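Okay, thanks for coming, everyone.

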Amino acid sequence: TIYRSEFRPSELTPEPRTFLTLNVVVADSLGEARDLGLPQAQAMARLRTGRPMGFLDLVEDAQQRELPPDQQAPPDAAAEIVRLAEHFGVDEVMVNPQASARRGADPRRAAAREYTIDALARELL
């Protein structure tokens with residue numbers, strides 16, 4: 001990459017360091033992962049197409065809207081994280097859990113996001 005080939009070492013950074021940030025949703029089934037990731041995927045689609053941003057929908061509200069197939073998450077998050085890290089040759093991956101809440105969920109918790117981190121940790125560590 002350009003960054004690595006043009007890198008100039010310094011006292012603080014003797015070697016180039018790269019990282020990749022990924023938005024991830026993990027659930028017990030592919031369907032549930034898609035449902036939990038749908039509000040964030042729709043928000044990102046609005047951002048990329050210049051449409052107005054707003055509050056993130058609950059899962060049930062997002063299901064009432066349409067999302068293009070190419071905006072849907074890959075089925076195996078852990079394998080996709082490894083594949084992308086290897087493809088881009090990064091030194092570190094930062095995971096941003098994006099699982100949304102369902103109607104009636106405790107607003108003081110982010111249970112689906114906690115589940116995402118726990119499941120990935122079990123698979124990758």
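Quick housekeeping. This is a predicted model, so local features need pLDDT of at least 70 and side-chain atom pairs count only at pLDDT 80 or more, while totals for chains, interfaces and linings use all residues. Residues are numbered from 1 along each chain as its sequence is written, and side-chain values use heavy atoms, with hydrogens and water left out.

So, helix H5. H5 covers residues 111-124, which makes 14 residues, and runs 20 Å from its first C-alpha to its last, close to the 20 Å expected at 1.5 Å a residue. That expected span is 1.5 Å times one less than the number of residues. By the way, helices (H or I, at least four residues) and strands (E, at least two) are DSSP runs, numbered from the N terminus.

Which residues of H5 are buried? They are Ala112, Thr116, Ala119 and Leu120. These four sit on the same side of H5, because they cover an arc of only 100 degrees around the axis. The arc is taken from the directions from the helix axis to the C-beta atoms. And buried means under 20% relative accessible area, exposed is over 50%, and partly exposed is in between, with a 1.4 Å probe and protein chains only.

Leaving aside neighbours within four places in sequence, Val24 is in contact (heavy atoms within 4.5 Å) with residues including Ala77, Ile81, Val95, Thr116 and Leu120.

Now the salt bridges, meaning a side-chain nitrogen of Lys or Arg within 4 Å of a carboxyl oxygen of Asp or Glu. How many are there in the structure? There are 10.

One pairs Arg4 with Asp91, at 3.4 Å, N to O. Arg4 is in helix H1 and Asp91 in the loop between H4 and S2, so this pair ties together parts 87 residues apart in sequence. Both ends are partly exposed, Arg4 at 32% and Asp91 at 37%. Thr18, in the loop between H1 and S1, is in contact with both Arg4 and Asp91, and Thr18 counts as buried at 17% relative accessibility.

Next, Arg65 bridges to Asp57, with the closest N and O atoms 2.8 Å apart. Here Asp57 is buried at 16%, whereas Arg65 is partly exposed at 47%.

Last one: Arg102 and Glu60, at 3.9 Å between the closest N and O atoms. Arg102 lies in the loop between S2 and H5 and Glu60 in helix H3, so the pair links parts 42 residues apart in sequence. Salt bridges that share partners join Glu32, Asp35, Glu60 and Arg102 into one network.
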